[in-house]
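Subject: Structure handover

Hello,

Here is the structure you asked about. My notes follow below it.

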Amino acid sequence: MILAVAVLIAVGIALVRGGSLKRLADVPLQAGWIALVAFGLQVYLIYFPEPVNQGLSSPRVALLAISYLLLFILVARNRALPGMALVGAGLLANFSVMLLNGGYMPITPEALEQVGHTRKVMSMEPGARVMGSKDIVLPRAATLAWWLSDIFVVPPPFPLPTVFSFGDVLIALGAIRLIQTAMRAARPA
Amino acid sequence: MKNWNLLTTNPTWVRVIYVLLALLAMALAGGAPDGFGGFSG
């Protein structure tokens with residue numbers, strides 16, 4: 001949700017800065033449908049999850065990996081657009097740490113408690129899925145490349161308490177740069 | 001309803017909606033915070 005809010009705030013800021021929503025129509029985005037397919041796959045995986053992570057051999061993990069591979073194709077095809085390099089770096093960061101830790105994004109029990117989302121897990125056992133997300137509970141000591149996992153905690157009273165990763169920051173910055181550049185561009189003559 | 005029809009039959013606005021939805025889907029599918037599309041993060 002926090003990433004959707006970042007995209008919508010970017011649109012709002014561009015409008016305040018004199019940009020136009022109509023300029024988005026001029027963005028030469030190729031194969032944008034790939035993002036919609038990847039998103040659709042993940043909606044299924046996230047809202048019909050396996051309760052405990054079964055590792056890289058799980059068909060659901062394979063499907064999640066396919067959704068990320070689709071996104072890499074999308075970024076490669078649109079690499080010339082401003083901000084896409086940042087999005088690609090963010091995807092790589094998130095996908096790497098997920099692959100290293102059994103296919104899902106690790107989050108520590110402490111981070112879940114700080115943000116008040118402990119009700120979203122059946123247990124705090126290592127490998128338990130966090131409902132409504134791509135996360136699994138994993139203690140810091142058991143997490144490979146911990147610094148790429150969900151470590152940035154924005155606790156309440158922020159209206160959307162959340163925990164996000166370095167990769168999420170890069171993806172948000174890339175999307176914001178693309179929207180700002182596109183909406184504030186001069187219309188082609 | 002009339003406004004919606006105007007919006008969906010105008011190619012510029014259809015393209016705007018398509019680009020915005022694709023960017024939103026890319027950010028949501030690529031990112032991995034502890035909330036996906038719900039309202040709890």
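Predicted model: local features only at pLDDT ≥ 70, side-chain atom pairs only at ≥ 80, totals over all residues.

Residues are numbered from 1 along each chain as its sequence is written, chains are lettered from A and ligands numbered from 1 in the order in which they are written, and side-chain values use heavy atoms, with hydrogens and water left out.

The interface

About 3400 Å² is buried between chain B and chain A, and carbon and sulfur atoms give 72% of that. Buried area here is the accessible area (1.4 Å probe) that two parts lose on being put together, summed over both. By class, the side of chain B that touches chain A has 18 nonpolar, 8 polar and 2 charged residues. In this scheme Ala, Val, Leu, Ile, Met, Phe, Trp, Tyr, Cys and Pro are nonpolar, Asp, Glu, Lys and Arg are charged, and the others, Gly among them, are polar. Chain A brings 53 residues to the contact and chain B brings 28, where contact means heavy atoms within 4.5 Å. The count of salt bridges between the two chains is 0; a salt bridge is a side-chain nitrogen of Lys or Arg within 4 Å of a carboxyl oxygen of Asp or Glu.

Helix H4 of chain A

Helices (H or I, at least four residues) and strands (E, at least two) are DSSP runs, numbered from the N terminus. Helix H4 of chain A covers residues 84–100. Its buried residues include A:Met84, A:Leu91, A:Phe95 and A:Met98. Buried means under 20% relative accessible area, exposed over 50%, and partly exposed in between (1.4 Å probe, protein chains only). Among the elements that cover the buried residues of H4(A) are helix H3 (59–77) of chain A and helix H2 (11–30) of chain B. Just after H4(A), A:Gly102 has a positive phi of about 90°.

A:Ser67

A:Ser67 lies in helix H3 of chain A and is buried, at 0% relative accessibility. Its side chain makes a polar contact of 2.9 Å with the side chain of A:Gln42. A polar atom of the A:Ser67 side chain also lies 2.6 Å from the backbone oxygen of A:Leu64. Apart from neighbours within four places in sequence, A:Ser67 is in contact with A:Ala38, A:Leu41 and A:Gln42.

Backbone exceptions

Most residues other than glycine have a negative phi, and most peptide bonds are trans. A:Ala31, in the loop between helix H1 (2–16) and helix H2 (33–47) of chain A, has a positive phi near 55°. A:Ala145 has a positive phi of about 50° and is partly exposed, with a relative accessible area of 24%. The peptide bond joining A:Pro156 and A:Pro157 is cis, with omega about 15°. A:Pro157 lies in the loop between strand S3 (152–154) and strand S4 (162–164) of chain A.

Regards

Technical notes. Expected span 1.5 Å × (residues − 1). Polar contact = N/O pair within 3.5 Å; in protein donor to acceptor, adjacent residues only side chain to side chain.
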